[in-house]
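Work through the exercises below with the coordinates open. Try each task before reading its solution.

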2 protein chains.
Amino acid sequence: MSSDQDIAGLRQEVADVTKEIIDLISTRNELAKKIAAAKVRGALPAEDPRVEDALVRVVVRECEEKGVSKEVGLKVLSTLLAESKRVQGFKSKQQLITPMMMSAKAQQIEATGRQLLRLDVGEPNFHPPKAVLDATSEALYGFKTHYTGTRGIPALVSAVRGYLQRKHSFTAKDTELIVNPGGRFGVYLALSTTVAEGESAIVIEPNWPAYKEGLQYIGARPISVHTTLEEGWLPSAEAIHDAIRPNTKAIVLSYPANPTGAILSPPKFKEIVDLANDHRLTVISDEIYTDYANKPCPSILSSGAEKFILTASFSKTWAMTGFRVGYTVSSEETISKMMKIQSLLLTSVPEFIQYGAIKALESDSEVVRNSEAMIVRINEACSELDAISALEYVKPDGAMYVFPQAKKTDFDCVSFTMKLLEEKGVTVSPGTGFGDYPRAFRISLGGSDDTIVQGIRKIGELLA
Amino acid sequence: MSSDQDIAGLRQEVADVTKEIIDLISTRNELAKKIAAAKVRGALPAEDPRVEDALVRVVVRECEEKGVSKEVGLKVLSTLLAESKRVQGFKSKQQLITPMMMSAKAQQIEATGRQLLRLDVGEPNFHPPKAVLDATSEALYGFKTHYTGTRGIPALVSAVRGYLQRKHSFTAKDTELIVNPGGRFGVYLALSTTVAEGESAIVIEPNWPAYKEGLQYIGARPISVHTTLEEGWLPSAEAIHDAIRPNTKAIVLSYPANPTGAILSPPKFKEIVDLANDHRLTVISDEIYTDYANKPCPSILSSGAEKFILTASFSKTWAMTGFRVGYTVSSEETISKMMKIQSLLLTSVPEFIQYGAIKALESDSEVVRNSEAMIVRINEACSELDAISALEYVKPDGAMYVFPQAKKTDFDCVSFTMKLLEEKGVTVSPGTGFGDYPRAFRISLGGSDDTIVQGIRKIGELLA
């Protein structure tokens with residue numbers, strides 16, 4: 001028999017096996033429908049994450065036994081799980097109100113002429129350093145208006161290298177750095193180069209929604225470690241350990257935290273890093289708020305993490321949110337994967353903005369000024385909150401938010417947020433946007449001292 | 001029996017079926033290995049796209065028969081195909097040299113001090129309009145340095161709306177528009193909101209590599225329609241028709257074309273749009289070069305396309321590559337999907353840049369000046385090429401490139417490109433970066449008239 005005939009026969013077998021796989025998906029769908037019906041009969045909850053955990057274990061074991069790549073097995077499982085949910089008629093959960101949605105809503109209302117006290121905004125009202133404005137404008141008029149290499153202009157890459165050396169005594173090679181169009185894109189690159197579809201990453205609740213949303217966009221599963229006010233909003237290494245699944249690839253940390261302002265102590269940080277090292281997990285550390293802090297905040301760069309990604313941004317430290325520029329530090333291998341994605345999606349950060357960013361890295365006095373101003377605001381906000389007996393909170397050590405929680409156990413943060421907006425013209429972000437926190441809401445300290453004080457007093461009035 | 005017991009039993013069945021699916025993947029892998037061995041014995045080519053086509057048909061039919069969602073079946077097939085290739089030991093094809101890679105290489109060489117004649121750059125050396133620089137700088141000093149809504153600042157969205165009305169007599173709602181950080185990101189959003197993993201889209205070769213790379217990033221398959229110099233680098237509706245598969249969702253067009261400068265005639269454009277309408281395909285029209293043209297270039301906005309996405313950019317028309325700003329026009333539903341992705345990945349385009357972009361839309365005289373300058377360059381380049389008997393080419397009607405082809409049938413564009421760089425210090429982009437064109441290379445007209453003339457003369461010297 002010729003090779004051609006051999007191949008034709010084998011291909012027919014491949015087609016038959018492929019068909020059988022589709023048939024099994026159909027069988028699986030029938031089972032899923034029966035499960036949905038049984039759940040309705042038993043008035044049982046629609047979703048149980050332990051079921052997914054069990055299937056992940058089954059698939060990993062079977063892949064190992066049968067020599068199928070684990071990545072392929074997990075990806076197929078992820079597709080199957082989504083299909084089961086579809087045929088079971090799962091409604092996606094009630095749309096959460098994220099800080100970004102609150103901001104869009106507030107902007108709409110302001111556009112109608114109504115004045116609001118904005119305690120929702122995720123950016124400081126500080127001005128960027130004058131040197132940054134000058135350097136950006138000078139570059140613009142100097143026709144630095146062209147594409148740049150994806151990693152960033154060499155002068156900025158070198159300036160970031162110098163900054164890391166100075167600030168963290170960390171020696172990076174150019175190939176371990178990339179300049180990104182904002183911290184958000186850095187976070188997306190970090191997640192998408194570390195966690196694949198069907199895999200999972202651990203996130204600590206309450207947290208900035210972009211971590212979970214980013215994982216979902218990739219088709220990966222966020223595994224939440226819930227923390228409480230009683231714990232000072234800090235996770236234990238044990239809780240993180242218990243959250244590790246056979247398909248877990250990363251732990252996402254961000255301290256000072258958004259929305260709580262909590263900071264991990266160096267020993268606690270070290271404990272989590274050791275755990276990650278033991279399990280060959282990548283620590284993704286989003287250190288965007290690191291310069292708004294009243295005590296030293298440990299950095300992943302000096303933590304001994306074996307696999308790590310640092311995402312950083314010019315947005316908060318130098319009040320450059322609207323410049324959309326940040327940077328990422330990791331292994332040469334990971335940065336090289338990021339380069340491919342960033343060059344495909346965006347080419348580069350605007351050239352003249354990169355010249356401005358160089359000057360930011362030299363603007364130390366503004367960092368001190370901004371940080372001190374934020375500590376003052378934290379203190380002011382806390383004195384105001386102390387006068388509201390219906391609320392409890394943990395005093396933030398950094399970042400630019402307070403995350404108070406109602407003492408009333410049946411408090412509904414979403415309806416409170418809406419009522420506060422309607423009746424008092426004050427915007428906050430509901431706690432449910434940051435995790436399972438129906439009794440909490442986030443107060444941003446990005447606005448003026450007066451906005452903060454007046455806004456919190458109105459919160460007190462509504463709660464009285 | 002209780003619901004709990006029912007469910008436990010059903011879940012066991014689900015786990016068993018899942019295991020069986022993994023086992024079938026293992027069986028499929030064994031078959032793939034046998035096929036690979038038979039190919040080696042028969043000295044047959046490793047890849048045959050018709051095999052994939054046949055499997056797509058099998059899966060679509062089986063999904064329809066068994067009530068499995070087609071999207072799920074195609075996505076699983078896509079995972080299976082990738083796994084088969086892996087176990088067959090497919091090497092990914094020889095790394096292509098894209099224009100972006102040539103540019104990175106040239107920049108590296110220039111950084112060592114060596115002067116090059118750059119005929120590889122994908123951007124014009126024109127200056128942005130003065131009004132754009134002024135408005136950007138003014139916004140910067142006016143502290144327009146904050147996050148904006150994802151769609152773009154209302155003044156820019158409204159200015160784009162006015163521009164589309166004026167230029168194309170097209171009435172867009174705000175909700176049918178989004179401002180993007182560059183045309184590349186617009187193209188990614190267009191592809192990723194239209195074509196899913198396991199689906200396919202038609203691209204016309206030769207083309208800008210980002211279309212194929214973007215599809216591959218999504219896990220979708222680009223189906224190439226090859227065009228030739230003899231056809232004037234234009235596809236026939238028949239060839240496009242023949243390329244449609246049961247999983248095809250979109251046709252990507254971009255005229256004037258990069259790298260050929262060809263423009264579809266209005267009737268030919270209409271024919272393709274009709275074909276797309278007949279097959280419920282989305283036409284993605286990248287009109288980035290539309291203002292560099294010596295004759296009117298049909299726009300998707302006035303084509304009668306039922307499902308379409310226009311991607312546009314400020315980069316070429318107003319020489320604003322380094323601003324990274326563009327916009328996309330589509331249905332409210334598609335734009336709303338794009339908004340979700342853009343807000344997750346990037347928040348927004350830098351605020352002060354958006355103020356500059358408003359002024360670009362009012363800078364008509366610069367558009368005329370840039371377009372006329374480019375036509376002059378096309379003419380100059382063509383007269384120079386006429387003197388090189390080893391090359392043939394089709395005179396471009398627009399864009400900013402010429403795509404000559406060696407008459408010698410065994411010409412190797414990659415080694416020619418490397419030799420040209422080493423011996424003559426001239427950079428071009430090899431034809432294989434744009435499709436299956438080993439005899440061709442792209443000359444960019446982005447540099448000065450002198451660079452173009454000198455560079456092409458040196459090409460002639462090397463070929464002589």
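**Exercise 1. An enclosed helix**

Task: How many of the 10 residues of helix α12 (residues 351-360) of chain A are buried, and is the helix enclosed or open?

Solution. The model is a predicted one. Start with the cut-off: a residue is buried if 20 or more other C-beta atoms lie within 10 Å of its own. Apply it along the helix. Among the residues that pass are A:E351, A:F352, A:I353 and A:Q354. A:K359 and A:A360 are also buried. The count is 10 of the 10 residues, so α12 of chain A is largely enclosed by the rest of the structure. Now look for the cover. It includes α5 (130-141), α6 (154-168) and β2 (177-180) of chain A.

**Exercise 2. The build of chain A**

Task: How many helices and strands does chain A have, and how does its radius of gyration stand against the globule rule?

Solution. Count the elements: chain A holds 15 helices and 14 strands. Next, take the radius of gyration. It is 25 Å for chain A, close to the 23 Å that the globule rule gives for 464 residues, so the chain is as compact as a globular protein of that length. Then check burial. Of the 464 residues of chain A, 54% count as buried. Finally, consider contacts in chain A with a separation of 6 or more: 74% of them join residues 24 or more positions apart.

Task: Which residue ranges make up the domains of chain A?

Solution. Domain 1 covers 40-92. Domain 2 is written in two pieces, 99-122 and 365-463. Domain 3 covers 144-363. For spacing, compare the C-alpha centres of domain 1 and domain 2 of chain A: they lie 39 Å apart.

**Exercise 3. Two chains, one axis**

Solution. Superpose the two chains. A turn of 180° with a shift of 0.0 Å along the axis gives an RMSD of 0.0 Å. That is the relation of a two-fold axis.

Next, examine the contact. In chain A, 91 residues are in contact with 91 residues of chain B. Helix α1 (residues 3-42) of chain A supplies the largest share of its side, 29 residues. By type, the side of chain A that touches chain B has 45 nonpolar, 24 polar and 22 charged residues. Then compare the two sides. 100% of the interface residues of chain A are also interface residues in chain B, so the copies meet through the same surface.

**Exercise 4. Backbone exceptions**

Task: Which peptide bond is cis, with omega near -5°, and where is its proline placed?

Solution. Begin with the expectation. Most residues other than glycine have a negative phi, and most peptide bonds are trans. The bond from A:E205 to A:P206 is cis, with omega near -5°. A:P206 sits in the loop between β3 (200-205) and α8 (210-218) of chain A. In chain B, the bond from B:N258 to B:P259 is cis, with omega near 20°. B:P259 is placed in the loop between β5 (248-253) and α10 (266-278) of chain B.

Solution. Locate A:F143 in the loop between α5 and α6 of chain A. Its phi is positive, about 60°, although A:F143 is not a glycine.

Note on methods: Residues numbered from 1 in each chain as written. Chains lettered and ligands numbered in written order. Predicted model: local features only at pLDDT ≥ 70, side-chain atom pairs only at ≥ 80, totals over all residues. Contact = placed C-beta atoms within 7 Å. Helix = DSSP H or I, 4+ residues; strand = E, 2+ residues; numbered from the N terminus. Nonpolar A, V, L, I, M, F, W, Y, C, P; charged D, E, K, R; others polar. Domains from an automatic or database assignment. Least-squares fit on C-alpha atoms with pLDDT ≥ 70 in both. Buried ≥ 20, exposed ≤ 12 C-beta atoms within 10 Å, placed from the backbone. Rg over C-alpha atoms; globule rule 2.2 N^0.38 Å.
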